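Subject: Structure handover

Hello,

Here is the structure I said I would pass on. My notes on what was found follow below it.

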Amino acid sequence: MNKLIVFISGLFLPLSVLALDVSENSEIHGFAMQSYVYSPDNPYAGTASRDGSFDFREIGLNGFVELSPSLRVAGQVLSRKVGEVDDGALRVDFLLLDYQFYSSPESMFGVRLGRVKNNIGFYNSSRDVPSARPGTKVPESVYFDSFRDAFLSVDGINLYGALELESGFLSWEIFRGNKKLENPSVEYYMFGGAPAQGGMNDIELSGLSLSFSPNKISGLRLAASALQAYAKFDGAQSTDQAQATLEQSDALQNAAVQAVTPVSLGGLGLSYGSASFFNYLSQASQAEIANNPSKYVTGLTFKTLYTLWSIQYGFDDWLLTAEYMRLFNSPTISMVGTSTQQTFDTDGFYLQAEWFAMDDLSLYGRYEEMYLNADDRNSEQFSFDYNPSHGFSKGLTFGAKWQLSSNWMLLGEMSINDGTAWLPSYPGIEQEAIRKHWNTYSVAVSFQF
Amino acid sequence: MAQAKVIVNETVPVKDVNSLYLKRIYAMQVNKWPNGHPIKVFILPSRSELHKQFSVSKLGIQSYQLDRLWSRLIFTGTGKSPEVVQTQGEMLIKVKDTEGAIGYVAEDFKVDGVRVLSEGAGNE
């Protein structure tokens, strides 16, 4: 760990000398965070964390150039090593041209073109930035990992503006574009595993966000955001292939020699839409599909509306934040060749208090909940063979941040969780036996200039 | 603890400033003066007493909130943060020499070559 800190400071110290002012009109900034994560109960982002792992790093380097007072170019490269979820490859996080058409003391209007982060809720656009989020991670109940990649940014257009009203300050953004999907995390969310073949490669996004700070109550901030997402599944297996898999499955092989006992058909494969559409299949077949839907997917049109309602109030040494998320899903899913249009809502919320106890020390606590099917909070509908408590999550998080200097920060955090809706998925997680109760502990050091 | 007073470069076309306008400027939500010239914002280190005092009493916002806001602007590519100067002496020199500059020093800190803004209701 010490070696790593030395390495990271070695990397950044020469830069920090020229930081902030490369020339009159440009700046370079960067951040790095190294975490140690211990997750004894469940494999958090990979099995290594079960014994404690240093395989968690975020490094970002960014810069901007002001070509004129109204025109600027900004870009950032980001490397994330998150266990087996993200491999640390360098990616262009954003790269944009920003033109401000109009600016007066009362209003402002501009456009950004290129790869632009999606400003949804308080933390989506800055979720990877240690100094701009509440702890070692963003609240997972509303910024859950399954949609991180899909909702992070768009390659497209972003219009933004602000208006000074009698009652307060209103800022807004509208955006539209596409995002490449590099991992099957949305498929894991839908089916609990990677589909036998194919996946979603590209997602279309359009969104709107509004933020308002009333003049009457200083320190209060309200925001509402909506994001519409649409994606199509490419290269799915054929019906015949899925049928063959089904016939060879252990469940069916065993069913041939055992008496078939009635099973709960509440699992994902059958839960949405009319259960009768699989009636031509035996009960054992239905149960097998319900418990392992990823093996039997033969097509998907993914359509969802993500909405987020946010409120934050800062006073004295306290910052209180709450956000409520609701995802209106309306996918068309094809299982073993049979398609149905489904609707189900996913929702989640968190309540968070941060206390800036001393100049260099802050403490925070957060309670959060999330349900993959909001209409069925008590059931284990999204339950899979390897992960029976996937349908919900409840969690309590405590943490501390110690600002060693203006550049260095130490963080410590622990989470106590019930249910695994926001446990990050990674290829191979379906080989593990996932537990309902799980805790995680992490410490991290971060550097920023 | 001394109160802060707001100082601006002589070219700045504003004589008084209300706390709301000042807050927009320091939150980097307004980046041009009424005459269209860019605003150059200066601060003392965000952990300094005078900065914290300035944030709370002049802007009505906690300094930790400003820090997080500025981090967000920088690392999402949507804006920039104020330039940090280490001392009040340096603040005075920077504001004096930079067109469109705004900053602050302690009430009892002697200044010349810059304009001290009075707190008023108007922007102009």
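First, a term. A pocket is an open set of points, on a 1 Å grid over the protein atoms alone, with protein on both sides within 12 Å along at least five of seven lines, and its lining residues have an atom within 4 Å of a point. Volume is the space filled by probe spheres set on the points, which are joined across faces, edges and corners.

This is a predicted model, in which local features need pLDDT of at least 70 and side-chain atom pairs count only at pLDDT 80 or more, while totals for chains, interfaces and linings use all residues. Residues are numbered from 1 along each chain as its sequence is written, chains are lettered from A and ligands numbered from 1 in the order in which they are written, and side-chain values use heavy atoms, with hydrogens and water left out.

Pocket

The second largest pocket holds about 1300 Å³ of space. Its lining has 42 residues, and A:Q403, A:S406, B:S46, B:R47 and B:D67 lie nearest its centre. Helix α3 of chain B gives the most to this lining, with 8 residues. (Helices are DSSP runs of H or I with at least four residues, strands are runs of E with at least two, and both are numbered from the N terminus.) By class, the lining of the second largest pocket has 19 nonpolar, 15 polar and 8 charged residues. Here Ala, Val, Leu, Ile, Met, Phe, Trp, Tyr, Cys and Pro count as nonpolar, Asp, Glu, Lys and Arg as charged, and the others, Gly among them, as polar.

Cavities

A cavity is a set of grid points where a 1.4 Å probe fits but cannot get out. There are 6 cavities of 30 Å³ or more. The largest cavity has a volume of about 410 Å³. It is lined by 24 residues, with A:Y44, A:E58, A:V82, A:T136 and A:K137 nearest its centre. Strands β1 (26-38), β2 (53-68), β3 (71-82) and β18 (437-448) of chain A are the elements that give two or more residues to that lining. The lining of the largest cavity divides into 9 nonpolar, 4 polar and 11 charged residues.

The second largest cavity has a volume of about 110 Å³. Of its 14 lining residues, A:S146, A:H390, A:L423, A:P424 and A:S425 lie nearest the centre. This lining has 8 nonpolar, 5 polar and 1 charged residue.

Interface

In chain A, 57 residues are in contact with 30 residues of chain B, contact meaning heavy atoms within 4.5 Å. The two chains bury about 3400 Å² between them, 47% of it on carbon and sulfur atoms. Buried area is the accessible area (1.4 Å probe) that two parts lose on being put together, summed over both.

Salt bridges are a side-chain nitrogen of Lys or Arg within 4 Å of a carboxyl oxygen of Asp or Glu. The whole structure has 29 of them over all chains, and 4 are found across the interface of chain A and chain B. B:R24 pairs with A:E164, with the closest N and O atoms 2.8 Å apart. A:E66 and B:K80 also form a salt bridge, at 3.2 Å from N to O. This pair runs from strand β2 of chain A to the loop between α3 (63-76) and β4 (83-84) of chain B.

Regards
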